[in-house]
Amino acid sequence: MKKLSELSLLEREELFKTLRVNITHHSNAIEGTTLTYGETKQLLENGITAPNKRMDEQLVILGFAQAYDMVIREASNTNKLLDTSFIKDLHYLIFSNAYKITPNFIRKPIGAYRTENVSIAGCNIKLSLPSQIAQNLENLLFRFKSHTMDLNAIAEFHAMYEQIHPFSDGNGRTGRLIMSFQCIQNDLIPPLIENEKRSEYLECLSHVQTQGDLEPFVQFLKYCQNRSLELI
């Protein structure tokens, strides 16, 4: 697998530019957003809204792209350690536009941990209780220093982060942005997890969380890294 540093400057710029649209589209589509890839591209690159699509979805798309931009900018600093403040900022950026304009469609709070117990439908994995979230996430960040991670560590972090499930909404989206941050910091290609691979992605996550077996998820992420490289 190529390292980011093995790409030319123009190739890296093209990769990050193309991933901005692709990661934004697919990461939101995985969560049920109805915009097509073409509609997402038009919105992000030309500011043209999609007719007959919900405004809150389109505002979240714009917010996610802003969060992606922050990831690209901040991950270039290899001395910056991922922390809870940065994660909360990502969450806030994703939902702040929609919260200001269509507050009734956004689950609250934004930029802060959830205060209610939640579960994932059809899944018996126990998620962190609200009282445990802050400590569990700090422990996870202490165990995994963002600037010294390989793909195995990034895969394990992601599975554990999703099990903590710190926010009322947007846990998958923030988690996948964090994954991009960690990859870039460690000279790795950010993986493009496509909506068409949603079932395989969730199955790999569940496999880690229930059986502790990382290998299928690591191999899946390698496939997703190759999908990213195919964009340039």
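Helix α5 comprises 14 residues (130-143), which at 1.5 Å a residue should span 20 Å; the C-alpha atoms at its ends are 21 Å apart, in agreement with that expectation. The expected span is taken as 1.5 Å times one less than the number of residues in the helix. Helices are DSSP runs of H or I with at least four residues, numbered from the N terminus. The model is predicted, so that local features need pLDDT of at least 70 and side-chain atom pairs count only at pLDDT 80 or more, whereas totals for chains, interfaces and linings use all residues. Residues are numbered from 1 along each chain as its sequence is written, and side-chain values use heavy atoms, with hydrogens and water left out.

Within α5, the buried residues are I133, L137, L140 and L141. A residue is termed buried under 20% relative accessible area, exposed over 50%, and partly exposed in between (1.4 Å probe, protein chains only). The elements that cover the buried residues of α5 include α4 (84-101) and α6 (151-164).

The structure contains 11 salt bridges, a salt bridge being a side-chain nitrogen of Lys or Arg within 4 Å of a carboxyl oxygen of Asp or Glu. One of them joins R20 and D69, with 2.8 Å between the closest N and O atoms. This pair links distant parts of the chain, since R20 belongs to helix α1 (residues 9-30) and D69 to helix α3 (residues 55-75), 49 residues apart. R20 has a relative accessibility of 22% and therefore counts as partly exposed. D69 is likewise classed as partly exposed, because its relative accessibility is 27%.

R227 is located in helix α9 (residues 215-229) and E194 in the loop between α7 (171-185) and α8 (198-211), so the pair ties together parts that are 33 residues apart in sequence. R227 is partly exposed, at a relative accessible area of 26%, whereas E194 counts as buried because its relative accessibility is 10%. A network of salt bridges links E194, R227 and E230.

Terms used
Helices (H or I, at least four residues) and strands (E, at least two) are DSSP runs, numbered from the N terminus. Contact means heavy atoms within 4.5 Å.
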